[in-house]
Each structure stands twice: as C-alpha cells, then as structure tokens.
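Dear colleague,

I am handing over the structure below for your records. My findings follow after it.

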Amino acid sequence: WEAFSSEGSSLGTFGSEELEAARAYDDHLVASRGLVRVNFPGDDAGELRQAIAVPTSKYVGVTCQPSMKGPRWLADIKIDGKKVFLGTFDSEEEAADAYNEAAGPLGKPVNNPKNGQTQAKKRGSSKFRGVNLYQGKWVSRIMIDGKNVYLGLFENEVAAARAFDDRAALLGRPVNFPKEE
C-alpha cells in the first residue's frame with residue numbers, strides 16, 4: 001500500500017499494511033495542514049512508527065515493486081537515452097537475467113559478466129528510508145509538499161537516517177528508528 005497526500009505526493013510505501021498507509025495519510029493531514037484525522041479521529045499522534053523501505057536490488061537495471069502477493073521485480077534498461085521496460089519477474093535473479101540479455105548485445109556492462117564482459121556497478125542505495133549513497137557520502141532527503149528536500153550529507157548511513165527521522169517525526173511520518181518505550 002502506498003499513501004498519497006491530497007496534492008498527490010507520496011507519503012510512503014507500507015508493504016501489505018493498509019492501516020499503516022491510512023495512518024500516514026492522517027499524519028499528513030495533522031502535520032502539514034493542521035486538520036483532524038479522517039481515518040482514525042481519536043488516535044494519538046505522539047506515537048512514532050517504523051518506516052518501511054522498499055527492498056532494493058543488488059543488480060543494475062532491477063527494482064522492487066511491492067505487492068499484496070509479495071515483492072515483484074522489474075527490469076529495465078536505458079537505450080539511446082530512453083528507459084525500456086523489460087518485464088516483471090518473481091525473483092530478483094530473473095529480472096537481472098533479463099537485464100543482462102538486453103545489455104550484453106549492446107556492449108553495456110552486465111550483472112554477471114562472462115567472457116570479457118564488464119561488471120555493471122550499482123549506484124549507492126541504503127537500507128534506510130530517505131537515504132542514499134552519493135560519491136562516498138550518505139545523503140538524506142525527504143519529500144515535503146511534492147518537493148525533494150535535502151537534509152544533509154553525512155559520513156555514515158545511520159547519521160543520515162537519523163537526520164531523516166528528525167524531520168519525518170516533525171511531520172508525523174514513519175521513522176527508521178522508532179523510540180523505545
């Protein structure tokens with residue numbers, strides 16, 4: 001489930017938890033507009049919830065699409081500056097194979113190189129929501145009112161995730177490290 005603000009910006013992906021998506025929408029109404037909760041009018045807004053980061057692939061050209069039946073893996077490749085969809089697969093490895101089959105004949109790096117092929121290198125991604133690796137440093141960002149807001153550059157992944165949490169908590173959104181009671 002994915003929750004969207006009334007402006008259409010994503011409030012997060014919540015795996016198979018429809019209730020968590022509904023709570024995120026309510027949190028958005030309270031934090032950004034000062035409105036009352038629609039789905040859970042009597043709920044306490046003080047509780048911090050665990051953010052769910054969509055699984056990332058270790059392979060180039062492969063992304064995860066959460067679904068009710070479990071994750072589905074999408075393969076795509078850029079050809080002449082255009083993204084070409086290669087298919088949806090049950091496993092990450094099948095999607096990587098589809099990418100390799102398309103990339104190899106084009107002379108592009110592949111995920112599992114053979115016979116002189118070049119290894120494809122994945123750009124940095126994080127296990128934490130709102131964090132990615134860029135030129136050896138960890139960047140923290142959050143979407144606010146449909147805009148990607150830069151929160152800072154950090155030496156380590158956890159510090160970047162905590163910066164995300166600081167802003168997400170203020171907005172009433174799920175965090176990477178919920179406070180222990």
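E93, E94, D97 and E101 gather on the surface in a patch of negative charge. Such a patch joins like charges within 9 Å, among residues with over 30% relative accessible area and no salt bridge. Asp and Glu count as negative, with the charge placed at CG of Asp or CD of Glu. A salt bridge is a side-chain nitrogen of Lys or Arg within 4 Å of a carboxyl oxygen of Asp or Glu. Accessible areas come from the Shrake-Rupley method with a 1.4 Å probe.

This is a predicted model, in which local features need pLDDT of at least 70, side-chain atom pairs count only at pLDDT 80 or more, and totals for chains, interfaces and linings use all residues. Residues are numbered from 1 along each chain as its sequence is written, and side-chain values use heavy atoms, leaving out hydrogens and water.

E93 belongs to helix 2 (residues 92–103); helices are DSSP runs of H or I with at least four residues, and strands runs of E with at least two, numbered from the N terminus. E93 counts as partly exposed because its relative accessibility is 40%, between buried (under 20%) and exposed (over 50%).

Strand 7 (residues 137–144) and strand 8 (residues 147–154) run antiparallel, joined by seven bridges; strands pair if DSSP finds at least two bridges between them. R141 has Y150 in strand 8 as its bridge partner. Two residues separate the strands of this hairpin, and D145 in the turn has a positive phi of about 50°.

D80, in the loop between strand 4 (72–79) and strand 5 (82–89), has a positive phi near 55°.

Terms used. Patch = residues over 30% accessible without salt bridge, like charges linked within 9 Å, V, L, I, M, F, W, Y side chains within 5 Å. Buried < 20%, exposed > 50% of the residue type's maximum accessible area, 1.4 Å probe, protein only.
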